[in-house]
Amino acid sequence: MKQFLIFVKKEFYHIFRDRKSLLIIFLMPIMQIILFGFALTNEIKNSNIAVLDNSKDESTAAIIQRLDASRYFKVYQNLQSPSDIEKAFKTGNVRMVVVFQPGFRESLLHTHAAQVQLIADGSDPNTATTITNYAGSIISDYQKELYGQFEIPYTIKPEIRMLYNPQLKGTYNFVPGVMAMILILIAAMMTSVAIVREKEINTMEVILVSPLKPLLFIVSKAIPYIFLSLVNVVTILLVSYFVLDVPINGNLFLLMAESLLFIITAVSLGLMISTFTKTQQEAQMFSLMALLLPTLLLGGFMFPIESMPLPLQIVSNIVPSKWYFLIVKDVMIKGLGFSQVWKESLVLLGMSLFLLTISLKKFKIRLS
Amino acid sequence: MMTDETVIHVDRLTKKFGDFIATNAISFDVVQGEIFGFLGANGAGKTTAMRMLCGLSIPSSGKATVAGFDVYKETEHIKQNIGYMSQKFSLYEDLTVKENIRFYAGIYGMSRSAIKEKMKVLLEQLELSAEENSLVKSLPLGWKQKLAFSVAILHEPRIVFLDEPTGGVDPVTRREFWNLIYEAAAKGITVFVTTHYMDEAEYCDRVSIMVDGVIEALDTPANLKKTYNASSMDEVFLQLARGAKRAAD
Amino acid sequence: MNAITVDHIVKTYGSKKQVLTALDDISFEVKKGELFGIIGPDGAGKTSLFRILTTLLLAEGGTATVDGYDVVKDYKQIRKSVGYMPGKFSLYQDLSVEENLEFFATIFNTSIDQNYDLIKDIYVQIEPFKKRRAGKLSGGMKQKLALCCALIHKPSVLFLDEPTTGVDAVSRKEFWDMLKDLKKQGITILVSTPYMDEAAMCDRVALIQSGKIMSIETPENIVKEFEGELWAVRSADMYRLLNDLKQYKYTESCNSFGEYHHLLLTKNQGGKEGVLKYLNELSHKNILLEHTAPNIEDRFMQLMKNT
């Protein structure tokens, strides 16, 4: 026990005496969350649109009014003829043109199929998709209101995300994503670097020639970084709650417990990386390539997994961040309980045990 | 071949780091072709002094010229006219013997034909021709050090600075290394060398011993032994360095 | 019982294509309480030997025991009872003197107080700086701290791999004085060094070169083993003298040694007069030629030449 305590104490000395790294550890989460929350969100605000209203009836007026009132769009221009459409795009002032066919309200009321065309600038497909989605959902909201129970076949499908994100806020998706990313970075990379550093500065030689047991070494190395990562979780939650207005709908305790589980998975990954890397640089590079990139690409928060080719969908299952991302989304945003996320939790637990066993088995009791 | 021409002139050279005076108003002259031993305990200020003379660190006060160039303003000229070799950094381990020679010669702007010619002479002299395509890391330490020294004087600098060049080298190779030093000095290259081997201090024309940032003694080995009534340079050094107060590196 | 036995140890590195033999069939024994020196240049195989004995490396062939325990099978026992100071500085630079010592004491299941007697004489020298970070200490003090850390659990055998490399002459001398004191306390010490003059401080030494032990003897006997008569020569121009002596037809070997050159002549050839005549012909000035006792470096070079 004494051995364990002094080892952990020593690790904290290392961490707190390395001011630069400490600053990075604590500032990075805040920077990232704010960056992602404000600057990099795929949310589009106050996009200029143009309207070509060939119907000019009550319904079109209401829809135009709704579009204009929403925070996403501003009706910049009213067009008079189809030939104006191209001109409007060419000036670069509008991002989307909404075209109502003649007799819009008539068709809507009698044939249940009114036509509205949303024309967006396809040269920026991301923005085009997003804004047409937004517009589509606003229009379908209007229909629902108009008809109550009636479901009307409609050309533009509302985005699924809106179900739990009624205000269509992009930020919501990023908070769980950034949490997964930060924790993987801090917990896995820092742990692997901390262990490999002992090899690099030769202290490993002396530690090995001592009665200290490998398990004790590994656990005492991991504890400080688990603790630091938990601090990061708290920071991220505070910033997203108070600065980005992201609600915490689920049980906070469950959220913390799940985060702890994910941190342990990440730390185990770090331990495993440390068993086959020799220098801090190697450990760092490996953590970045093998952990950060998959988290970003296959974690599900940047690119939806459902729309990936099947092989990638399968591969994404071995990325721990994917599971954590699902859990956080469910617990934090949807407000679901443990009964809904136990499967994902079990996957993370299994991964941790597997990785820990490997690291312990691979831990070198000699120099080569 | 020693001449009377002064190539290193140091006058009350001082370097401070905050309150700490690493070198305190040191003064000395070194003439062309001289083998100048620069001794001192760990932390006496040797490294700091050497860095200033190589143009790597700007002094806090005092004057110094190396190969006639000012250590404050003309550091680029100094670097063109000196060679440097240390125990820690010398050659690229993952390059071959040939590649290392070509690289260092290239840095000093030697022409392609001059490099080719020099390389041949050098490889023959060091009996390394058979190893020219071997990676440096596969060579024994002694060979590496000899090669590093030869590379450091390839561009025929006026002065070569050697920082503990023979640490850990076997006794035979150590002597071969000193033969190279003598040859360089005979060609008129001034050799400025630090060492922890006291028998090597005897091979120098003159020796300075630094203690706590000051030069405590500077003379020929024979005169130093006479002055301190000692039978070897080892004794002289111990007498002087024992009084050191300073412990920091 | 011997504190250390090394029996036909072989260690190689590298792949099949390029095999580097670090230790080539090495055998020796160190008695309990002995101060045993492994003397040889860098690359001779000293560090590999130390790592095998401290259970950090596995040898390809041969066996070795420390304190009666086998270095492979009983590695856990050995790790409990030995002290090891690796060649490269291996303390935590960002921890203070005190923190380092406390850490290593606890790791070895002991406390500073428990074995303070053993390190007291050394520790008092660095105690004034106990709050200072280890990275900010001078070379000599770092080495003292490392020694304290290696001693804190009262090891039965102490392994010191090149403790004096890169350290100035004063600190080196102090260090050897400390080792002599430790020896009095009954600790077996195995120490390696590239400095030949330090061999004189050991009870017995093994001269090692290119992975082979050339001789194992007491320092006194090693110099006695020197074959031939040795002359110390000097003149006004030492460099020319060396080159000329090397050209002399009866010269077996000639090496510079501080202010003299050590000259060994081919058996019964020429003698003192012959050398003087030769040098006078080459108009050397202030020639001094006298008998001298060989030192360990002389013997080492002789052995290197013969193998």
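In strand β13 of chain C, His262(C) is the bridge partner of Ala232(C), in a model that is predicted rather than determined, where local features need pLDDT of at least 70, side-chain atom pairs count only at pLDDT 80 or more, and totals for chains, interfaces and linings use all residues. Residues are numbered from 1 along each chain as its sequence is written, chains are lettered from A and ligands numbered from 1 in the order in which they are written, and side-chain values use heavy atoms, with hydrogens and water left out.

## Strands of chain C

Helices (H or I, at least four residues) and strands (E, at least two) are DSSP runs numbered from the N terminus, and two strands are said to pair if DSSP finds at least two bridges between them. Strand β13 of chain C, residues 260-265, is largely enclosed by the rest of the structure because five of its six residues are buried, where buried means under 20% relative accessible area, exposed over 50%, and partly exposed in between, with a 1.4 Å probe and protein chains only. β12(C) and β13(C) form a hairpin with two residues between them, and Gly258(C) in the turn has a positive phi of about 60 degrees; the bridge partner of Phe257(C) in β13(C) is Tyr260(C).

Within β4(C), Gly61(C) is the bridge partner of Val10(C). The strand pairs of chain C are set out below.

| Strand pair | Sense | Bridges |
|---|---|---|
| β1(C) (residues 2-13) and β4(C) (residues 61-66) | antiparallel | five |
| β11(C) (residues 230-234) and β13(C) | antiparallel | four |
| β12(C) (residues 251-257) and β13(C) | antiparallel | six |

## Helix α6 of chain C

Helix α6 of chain C (residues 169-184) has 16 residues and reaches 23 Å from its first C-alpha to its last, close to the 22 Å expected at 1.5 Å a residue, the expected span being 1.5 Å times one less than the number of residues. Its buried residues include Phe175(C), Trp176(C), Met178(C), Leu179(C) and Leu182(C). At the start of the helix, a side-chain oxygen of Asp168(C) reaches to within 3.0 Å of the backbone nitrogen of Val170(C), while just after the helix Gly186(C) takes a positive phi of about 90 degrees.

## Nonpolar cores

A nonpolar core is a set of buried Ala, Val, Leu, Ile, Met, Phe, Trp, Tyr and Cys residues joined through side-chain atoms within 4.5 Å. The largest holds 153 residues, of which Leu53(C), Leu147(C), Phe159(C) and Leu190(C) touch the most other members, and helix α7 of chain A (residues 171-200) gives the most to this core, with 19 residues. Apart from it lies another core of 56 residues, among them Ala184(B), Ile189(B), Tyr203(B) and Val207(B).

With contact meaning heavy atoms within 4.5 Å, two pairs of chains touch, and the most contacts are between chains A and C. No contact joins chain A and chain B, whose closest C-alpha atoms lie 16 Å apart.

Asp42(C) lies in the loop between β3 (35-39) and α1 (46-53) of chain C and is partly exposed, with a relative accessible area of 29%. Leaving aside neighbours within four places in sequence, Asp42(C) is in contact with Leu141(B), Gly167(B), Gly168(B), Glu162(C) and Pro194(C).

Methods. A polar contact is a pair of N or O atoms within 3.5 Å; within protein, one must be able to donate a hydrogen and the other to accept it, and residues adjacent in sequence count only if both atoms are side-chain atoms.
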